[in-house]
Amino acid sequence: MIEARHLRVLRAVAAGGSFSAAARELGCTQPAVSQQMKALESSAGTPLLIRTGREMRLTQAGEALVRHASGILAGLTAAEEEIAAIAGLRAGRVRLVSFSSGSSTLVPTALAALRAAHPGTRVSLVDAEPPRSVEMLRDGDCDVALAFRYGGAGGADSEWDDLVVRPLLTDRLVGLVPEGHRLAETGTVAIGDLADEPWIAGCPRCRRQLVDVCQAAGFTPRIDFATDDYPAVIGLVGAGLGVAVLPALAMESVRPKGARTVIVEPAVARDIVALTLPDLAQVPAVAATLDQLTRAASR
């Protein structure tokens, strides 16, 4: 294998016409130049220099290698500079995927801070709910996945054991009832008190959690509407078409017109986390993104 350091020596010998001139140019000893040239010729499998007294003349193979050396060394220099820029966060790219309520609350704050601190880092954003977002991370389609899971979920301890998990916050579910509802002014509501109500359910994972919690309270919810769109859920509740439970995070960026929030007992919460692969966690731009998501969640 031809090494870049040997190419630099060959180019110096070709420019100076001797080992001693190359040694002066490179700031090393003449024996060191000679040793590296022997190593290069061994790698190339053919002579590269013809020694005529004190001068060196390139063979045809040597001329060809010198001709390519400039482009190779220039490319390596450019690569080294680009890598240094990425490592120093003067450049870089992060592909982020997030569930919708995270995209509207945590992500904007985190990305604004990231851009202010590292304007050369570019971040793309795609919406996806878990488990799809986690699949995208494992498939190499993103670098960071903002995800959630509910406490007590089956397999929760091992669900992400191959990933780097950055805990962000615990997001409690709140109840949502129409303004004129009989429980709108009560403040705290036992979920069993809503057993006879029509329900509006959210994303598939949230829907399963709702059914589990209701069944634990002794009833199966009658789900009249199901939608992944949180504003749609709030609008349906506000129109008097049913009740719902939503993550508190989902309520931060939506005005619940015509609806009232109530505390639901027993308490149900989901863990919000940022996920990445172990190797990606060492990439400076990814690490900076995780740090800014953590800061955004703590505000």
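Biologist: What should I know about the model before we start?

Modeller: Residues are numbered from 1 along each chain as its sequence is written, and side-chain values use heavy atoms, leaving out hydrogens and water. The model is predicted: local features need pLDDT of at least 70, side-chain atom pairs count only at pLDDT 80 or more, and totals for chains, interfaces and linings use all residues.

Biologist: Which residues of helix α2 are buried?

Modeller: Helices (H or I, at least four residues) and strands (E, at least two) are DSSP runs, numbered from the N terminus. Buried means under 20% relative accessible area, with exposed over 50% and partly exposed in between (1.4 Å probe, protein chains only). Helix α2 covers residues 19-26, and its buried residues are F19, A21, A22 and A23.

Biologist: How is α1 oriented relative to α3?

Modeller: Axes are lines fitted to C-alpha atoms, for helices over the stretch in contact, and angles run from 0 to 180 degrees between N-to-C directions. The axes of α1 and α3 come within 9 Å and cross at roughly 115°. Angles under 35 degrees count as roughly parallel, over 145 as roughly antiparallel, 65 to 115 as roughly perpendicular and the rest as oblique. That makes α1, relative to α3, roughly perpendicular.

Biologist: And α5 with α10: what is their orientation to each other?

Modeller: The axes of α5 (residues 100-117) and α10 come within 8 Å, crossing at roughly 125°. The two helices are therefore oblique.

Biologist: How many residues of the contact of α5 with α10 are nonpolar?

Modeller: Ala, Val, Leu, Ile, Met, Phe, Trp, Tyr, Cys and Pro count as nonpolar, Asp, Glu, Lys and Arg as charged, and the others, Gly among them, as polar. On α5 the contact includes L106 and A110, and on α10 it includes L293 and A297. The contact has no charged residues and three polar ones, and the nonpolar count is nine.

Terms used
Contact means heavy atoms within 4.5 Å.
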